[in-house]
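Reader: I'd like a close look at one part of this protein, namely what sits inside it. Please take it slowly and spell out your cut-offs as you go.

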Amino acid sequence: MSLYTRLEHRLEAQSDDAGPVRGTYSTGRLFMIWLAANLVVTTLLTGTLFIPDVPYGLVLLLIVGGTVAGAAVLVAVGTIGRRTGLPTMALTRGPFGTRGSLLPVAANVIILMGWSWVQAMLAGIALDYIVMTFTGFSSPVIFAVLCQTIVVILAIFGHAGVARVEPWFAVVILAIAAYIFVMAFMSFGPAEFGAIEAPTEPFYSPGLVFDVVLATAISWTVLAADFNRFAGSTRASIVGSGVGYTLSTVTSMSLGATAMAYVILSGGEAIPFDPVTIIAPFGWVFGVAIFLSVMATNTMVVYGMVTTVVNAVPGARLKFLPTALVLGVISIIGSTFFGLLAQFTTFLVTIGALFAPIFAIMIVDYYVIKRSTYDRDILRPTGGRYWYTGGINWLAIGAWVIGAVLAYVWAYVWPLPFGSTAPAFIVTFVVYLLVSWPSRSKGRITRVGNLSDETDASATAKA
């Protein structure tokens, strides 16, 4: 038996191919997966955007507030995955319809591919700095390709591979982060950090800081059910992902803000979203943290892309391994497009505009309209409860369009002082609730458990 065939059989045994799964992960294991997830260079560098425009102490408070708000959305969507056994984008069949769900599926693949490119580029820059320090050789593009190749290799081992490597990455990254915090505060006191002067015309306001932090959580929610469906209990799903995500994001963004403040206090030039700016003052050890963070996070991102594609169409028998190889090659090629780094803030706003309304609709549909139950019709390729009109729920599509358009308008045409992500989420939530309320499930509800149990029972009955 070839290596390819053995790996394919292993992935099938691990339930990485299409369909619902029955989870076994403990609270601690899920916590470590989500802890490693956002200890990542993009989140860290996002923290560098806010200093010196907003006072350091206020930035830390906004990071905590925005992260907690975003984690609530992430946990709510992740718990649907735990209860049904389905990944995030497969769950969009519930509100959008079997065919209508292909729209958020396509958007998700594009967004995750963009994430993988950006993170690979930043890892390449960090690794290039380390190698150049010791050898004098420099080629960020080559190192970005190398980093993404390692990520693809890790991702093709499926969720079990992710769960195995993530805790080790998390421990090393946290140790390095602690070293950076200690070094920064031994050099300058809290009062000095708080006294950094803002520019005369700052770009970021407190409201915009909160919005960007919230949009970061929204961007991670696309993977919420992908991993939380492997939780052994609802408690593990809620506590593991909620605490893990919150701790990692607060730590990572605060580290970025602290590092940028340290650069300013040391008399350096504050260039936001540039890994070299914050690596140089702290040395190669910071570069190692950035490199490991991308290995941890981008592995989850590539896994999420593959999971989305293999579960896109119910009944289709796409295999995990060949899909991972195809998407992996595309992600490696795209990691050479370094011009995308200049568009990162726009990228985050786009994620918020597209996905904040989607998650608002998903939460309303599952918890309110369908009263916390999706039945096995969600696994049917045609017909059933989620077929709506020709496979599309036009009420959900309409609410999504309204929310996405308002998010764009409030971000670029008539900018709101507190950003666009939260308002777009709230408006979409209310609109979809109102238009869908007449179809709300009435009477006594028969609770449906994990859909893998339903599928197994059906197969046994037919046999």
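Author: Let's start with contact, which here means heavy atoms within 4.5 Å. Among the contacts in the chain with a separation of 6 or more, 86% link residues 24 or more positions apart. Before going on, some housekeeping: this is a predicted model, where local features need pLDDT of at least 70, side-chain atom pairs count only at pLDDT 80 or more, and totals for chains, interfaces and linings use all residues. Numbering runs from 1 along each chain as its sequence is written, and side-chain values use heavy atoms, with hydrogens and water left out.

How confident is the predictor? The average pLDDT (the predictor's confidence in each residue, from 0 to 100) is 85 for the chain, and 90% of the residues score at least 70. Residues 456-463 are another matter: pLDDT stays under 50 there, and the model gives that stretch 1 contact beyond four places in sequence.

As for the overall makeup, the chain has 20 helices and 0 strands. Both are DSSP runs numbered from the N terminus: H or I over at least four residues for helices, E over at least two for strands. Of the 463 residues in the chain, 57% are buried, where buried means under 20% relative accessible area, exposed over 50% and partly exposed in between, using a 1.4 Å probe and protein chains only.

Now for the inside itself.

Beyond four places in sequence, isoleucine 361 touches Pro95, Phe96, Ala396, Ala399, Trp400, Thr428 and Tyr432. The C-alpha atom of isoleucine 361 is also 9.9 Å from that of glycine 403, which is 42 residues away along the chain.

Threonine 79, in helix α4 (residues 56-84), is at 4% relative accessibility and so counts as buried. Its contacts outside four places in sequence are Asn228, Thr234, Ser237, Ile238 and Tyr367. Serine 436, in helix α19 (residues 421-436), has 2% relative accessibility and therefore counts as buried; not counting residues up to four places away, serine 436 touches Ile369 and Leu395.

Helix α3, residues 41-48, is mostly covered, with 8 of its 8 residues buried. Among them are Val41, Leu44, Leu45 and Gly47.

Next, the holes. There are 3 cavities of 30 Å³ or more. A cavity is a set of points on a 1 Å grid over the protein atoms alone where a 1.4 Å probe fits but cannot get out, and its lining residues have an atom within 4 Å of a point. Points are joined across faces, edges and corners, and the volume is the space filled by probe spheres set on them. The largest cavity comes to about 90 Å³. Its lining has 15 residues, with Leu39, Leu44, Ile173, Leu255 and Ala289 nearest the centre. Helices α3, α9 (158-187), α13 (234-265) and α15 each supply at least two residues of that lining. By type, the lining has 12 nonpolar residues, 3 polar and no charged; Ala, Val, Leu, Ile, Met, Phe, Trp, Tyr, Cys and Pro count as nonpolar, Asp, Glu, Lys and Arg as charged, and the others, Gly among them, as polar.

Most residues other than glycine have a negative phi, and most peptide bonds are trans. Isoleucine 51 and proline 52 are joined by a cis peptide bond, with omega about 10°, and proline 52 is in the loop between α3 and α4. In the loop between α17 and α18 (394-413) is arginine 371, which has a positive phi of about 55°. Serine 372, in the loop between α17 and α18, has a positive phi of about 65°. Arginine 371 is partly exposed because its relative accessible area is 21%, and serine 372 counts as partly exposed because its relative accessibility is 22%.

Conventions
1 Å grid on protein atoms, 1.4 Å probe; cavity = no way out; pocket = protein on both sides within 12 Å on 5 of 7 lines; lining within 4 Å.
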